[in-house]
Structures are given as C-alpha cells and as structure tokens.
Amino acid sequence: VVAALVTDKEGRVLIVEPEHKEGWILPGGSVEQGEPPSEACARAIEEELGVSIESPTRLLSIDYRGCDGEYIMFIFDCGTFDEETIKTISLPAERLLEHRFVSVDEAMKLLRPNSARRLKPTLAVRGGTGIAYLEHQELFS
C-alpha cells in the first residue's frame, strides 16, 4: 500500500475522505503486482486527485501492520502543491467524497487512527534525512 504526503504553501497536510470507510486518510492506494511503490504512488495521485506528478521525491516512512490485513505501507513525499495545482484537484466521486488541506493538529483529529499515528513520524523526517520505520505496535504486544 502507498500513501502520499502532500502539503500546501502554509504547511497544511492534504487529507481525503474515502467513500467506503469512516474517517479521513492520506491519498494513496494499492500497489499492483510488478509495480514499484513509487510509481504506484504517482498513479494513485493521478487517479485520486487528477494531478500528474513525476515520481515522488522521497520515501519518508515504512509501516508494517501485522495480523489481520497484513500489509506494508510506503509513505512518499509528493511535495508542496501551489494554488494552481490545488485548483485542478478533481476527486473520483465513486471513491472519494472530499479533500482538505488542514493543520497537523486538525489532521490528527480527523484521520483514521492508523493514519494519525503515521503522520507525525513521517512529517518529522520530511525536513531531514532518513526514513521512519513504524510498526503497528498494538498487534505485537
């Protein structure tokens, strides 16, 4: 699974509200067989937001979730959208209900629990070097 960290010029985080589940998430999607995660992220941004980007600039975090629904999530830095790009965002009505750029504090309140726990560690490495490695700790205790 891949997700995109996108901000606006004020540093607000882009979140989307999916049609099929409660709560907000970072934009993203599934990786298809044989598809590199970075390409899957660029494809997901185009499919979900209607915005074409080149390959994401950097992998920011990796999150392993075990037990039921086991998966690995790659969160990529997809940059800062300017006002012109933000105006072109077009959501697929059958998949996403709404998008918002929100402060980190507001994002923490709106995001689904798994997305919220990933946000701050991912943002923390965005301005530096390295990659945040996360594990869904509750499943291992």
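A residue is termed buried when its relative accessible area is under 20%, exposed when it is over 50% and partly exposed in between, with a 1.4 Å probe and protein chains only. By this criterion, 43% of the 141 residues of the chain count as buried. The structure is a predicted model, in which local features need pLDDT of at least 70 and side-chain atom pairs count only at pLDDT 80 or more, whereas totals for chains, interfaces and linings use all residues. Residues are numbered from 1 along each chain as its sequence is written, and side-chain values use heavy atoms, with hydrogens and water left out.

Four helices and seven strands make up the secondary structure of the chain, where helices (H or I, at least four residues) and strands (E, at least two) are DSSP runs numbered from the N terminus. From the N terminus on, their order is β-β-β-α-β-β-α-β-α-α-β. The radius of gyration is 14 Å, close to the 14 Å given by the globule rule for 141 residues, so the chain is as compact as a globular protein of that length; the radius is taken over C-alpha atoms, and the rule is 2.2 Å times the number of residues to the power 0.38. Along the principal axes, the C-alpha atoms fill a box of roughly 45 × 30 × 30 Å. Among contacts (heavy atoms within 4.5 Å) with a separation of 6 or more, 64% are accounted for by residues 24 or more positions apart.

Helix H1 (residues 37-49) comprises 13 residues and reaches 18 Å from its first C-alpha to its last, close to the 18 Å expected at 1.5 Å a residue; the expected span is 1.5 Å times one less than the number of residues. The buried residues of H1 are Ala40, Cys41, Ala42, Ala44, Ile45, Glu48 and Leu49. An α-helix has 3.6 residues a turn, so residues three or four places apart point the same way. The buried residues of H1 pack against strands S1 (2-8), S2 (13-18), S3 (28-29), S5 (71-81) and S6 (96-102). Just after H1, Gly50 takes a positive phi of about 75°.

Glu19 is located in the loop between S2 and S3 and, at 43% relative accessibility, counts as partly exposed. Glu19 and Arg95 are 76 residues apart in sequence, yet 5.2 Å apart in space, C-alpha to C-alpha. When residues up to four places away in sequence are not counted, Glu19 touches Glu94, Arg95, Leu96 and Leu97.
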